[in-house]
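Here's a quick tour for anyone meeting this structure for the first time. Have a look at the sequence and the model below, then we'll go through a few spots together.

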Amino acid sequence: MAIIKEPLAGYFIVKFILLVAVEVFGVAALSWHLDINLPTALSTSTALIITSFLIMQGVLFRQLYMRCKHSFERCSYQAEAWLKRDFSLRAKPTFSTGVVAHLHQQLNGVSEMLQSEKTDEDVQSFLVAELISVLNTPIFIFDQRMQLCFGNDECVELFQKPWQTLRYSPPEAIGLTPEPNWHFIDPERNKRWQVRHSTFTRQNSSYHLVACIDIHQALRDQELQAWQRLIRVISHEIRNSLTPVSAILERLQTRAKDPRDNEAFNIVLERCFHLQDFIHKYSQLNQPIKVDLRRISGLELSQSIQSFFPEVQWQVELSPAYFHVDPTLINQVLINIVKNAIEASSAHATITLKIYTKDNMAYFEVIDEGNGVANSDNLFVPFYSTKQAGEGIGLYISRYFVEQMSGTVNLTNRQDKTGAICQLSFPVLIN
């Protein structure tokens with residue numbers, strides 16, 4: 001009885017009954033016209049033939065119904081697949097020609113078009129995700145329920161943990177607020193980070209793209225460019241003057257007979273050579289830096305830096321830690337820092353190396369027993385030095401190298417005794 005409830009089946013049954021009724025009416029009319037008495041004229045065999053004929057008609061009607069039903073079912077399956085964004089399904093036409101075949105061909109054409117668009121959309125989504133992942137600024141994506149659904153590896157710089165640990169968090173849970181405009185709730189973070197926001201739609205759902213731009217880094221880049229321009233001018237002028245002056249002094253020194261004059265020439269020449277060396281060191285800021293990040297253990301870095309200063313009395317506090325850094329640059333940075341620590345400490349003082357990992361950050365600390373840090377605001381300013389013979393270049397270049405490796409440098413005073421702590425921190429890469 002269920003088939004009767006199907007409108008299409010009911011339509012075919014009604015048409016079949018009408019056809020049988022027309023046939024019965026036609027036979028009755030023909031027999032009346034020919035004056036034939038059907039009950040007496042019909043034999044058993046004739047009745048069986050008529051019955052068989054009617055059954056064959058019913059079978060043919062059922063086959064036609066099933067064929068039409070299959071055509072509609074295939075269209076329905078294809079539409080259902082579209083709703084699930086599966087455009088790979090292709091319906092085989094029930095009829096090879098005609099309007100039904102044309103309908104299936106059109107549906108298959110729509111599937112191919114939608115599949116092509118979906119492929120292009122998937123490629124674009126992949127490229128956008130890859131682009132976001134390699135950008136050197138923290139980026140978040142919130143869904144229409146204002147829950148975090150995507151971020152990049154640079155988010156570690158903000159929260160010292162992968163963004164995956166913050167998945168499904170609302171903006172307020174990670175220190176952001178969209179009202180009235182997107183910004184950080186913490187005033188200190190708000191001073192450093194500029195928040196940019198935009199919205200986009202995908203699959204009929206709206207998303208919020210939030211990018212955090214480090215203002216300090218942008219200012220430092222501008223500052224570096226300004227210093228590079230200044231150094232090019234200064235280097236050119238000083239070298240143009242020092243070269244002939246040094247040559248003249250060396251010639252005059254050969255003619256000096258008085259030992260005091262000879263000593264004076266030596267002092268002037270020494271200062272000329274020192275000035276040339278000073279300019280050479282600062283010219284490093286004009287050279288492009290190629291960073292080759294490698295995975296190095298804290299033990300390797302500790303042993304490497306100790307080998308450069310075998311005369312130092314070391315104390316090492318080592319926990320398992322791995323750094324993704326450029327071996328050449330990190331060694332140059334550590335040499336500068338340890339050299340400053342040695343110069344700040346007394347002859348037999350101990351230099352402590354402390355290496356550890358915390359909150360997905362790897363730390364390398366150099367701790368001395370000197371007089372501590374004075375006027376910390378100017379420590380990373382070029383040409384500024386607290387040492388009498390200092391050039392003001394070491395810490396500035398060290399910070400520049402560390403930032404090129406996505407790290408940070410902090411120089412603070414010790415709390416337990418006199419001395420300073422120079423802390424290098426680098427994000428621990430998940431892969």
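This is a predicted model: local features need pLDDT of at least 70, side-chain atom pairs count only at pLDDT 80 or more; totals for chains, interfaces and linings use all residues.

- Four strands make up an open sheet, in the order β2-β1-β6-β5, and their pairing is antiparallel.
- At the edges you'll find β2 (148–151) and β5 (193–202), each with pairing on one side only.
- Going from one strand to the next, the twist averages 25 degrees.
- In general, strands of a sheet pair through backbone hydrogen bonds, and they can do it parallel or antiparallel.

**Who pairs with whom**
- β1 and β6 run antiparallel and are joined by four bridges.
- β5 and β6 (residues 205–214) also run antiparallel, with ten bridges between them. Within β6, S206 is the bridge partner of T201.
- β1 and β2 pair over three bridges, again in the antiparallel sense. Here I141 stands opposite F150 of β2.
- The hairpin of β1 and β2 has five residues between the strands, and in it M146 takes a positive phi near 60 degrees.

**Two ways out of β1**
- In a regular strand, side chains alternate between the two faces of the sheet.
- Strand β1 covers residues 139–142: I139 and I141 point one way, F140 and F142 point the other way, and all of them are buried.

**Aromatic rings**
- The count of aromatic pairs comes to eight.
- One of them is F140 with F142, a tilted pair at 6.4 Å centre to centre with 35 degrees between the planes.
- F140 has a relative accessible area of 0%, so this residue counts as buried. F142 is buried too, with a relative accessible area of 0%.
- What kind of pair do F200 and Y207 make? Their ring centres are 5.4 Å apart and their planes are at 15 degrees, so the pair is stacked.
- F200 is partly exposed, because its relative accessibility is 31%. Y207 is partly exposed as well, at 21% relative accessibility.
- Ring pairs also link W182 with F140 and F142 into a cluster.

- V123, F126 and L127 make a nonpolar surface patch of about 300 Å².
- L127 belongs to helix α5, which spans residues 99–134.

Definitions and conventions: Residues are numbered from 1 along each chain as its sequence is written. Side-chain values use heavy atoms; hydrogens and water are left out. Two strands pair if DSSP finds at least two bridges between them. Axes are lines fitted to C-alpha atoms, for helices over the stretch in contact, and angles run from 0 to 180 degrees between N-to-C directions. Patches are made of residues with over 30% relative accessible area and no salt bridge: like charges are joined within 9 Å, nonpolar side chains (Val, Leu, Ile, Met, Phe, Trp, Tyr) within 5 Å. Accessible areas come from the Shrake-Rupley method with a 1.4 Å probe; for residues, only the protein chains shown count as cover. A salt bridge is a side-chain nitrogen of Lys or Arg within 4 Å of a carboxyl oxygen of Asp or Glu. Rings of Phe, Tyr and Trp (its six-membered ring) pair if their centres lie within 6.5 Å; planes under 30 degrees apart count as stacked, over 60 as edge-to-face and the rest as tilted. Buried means under 20% relative accessible area, exposed over 50%, partly exposed in between (1.4 Å probe, protein chains only).
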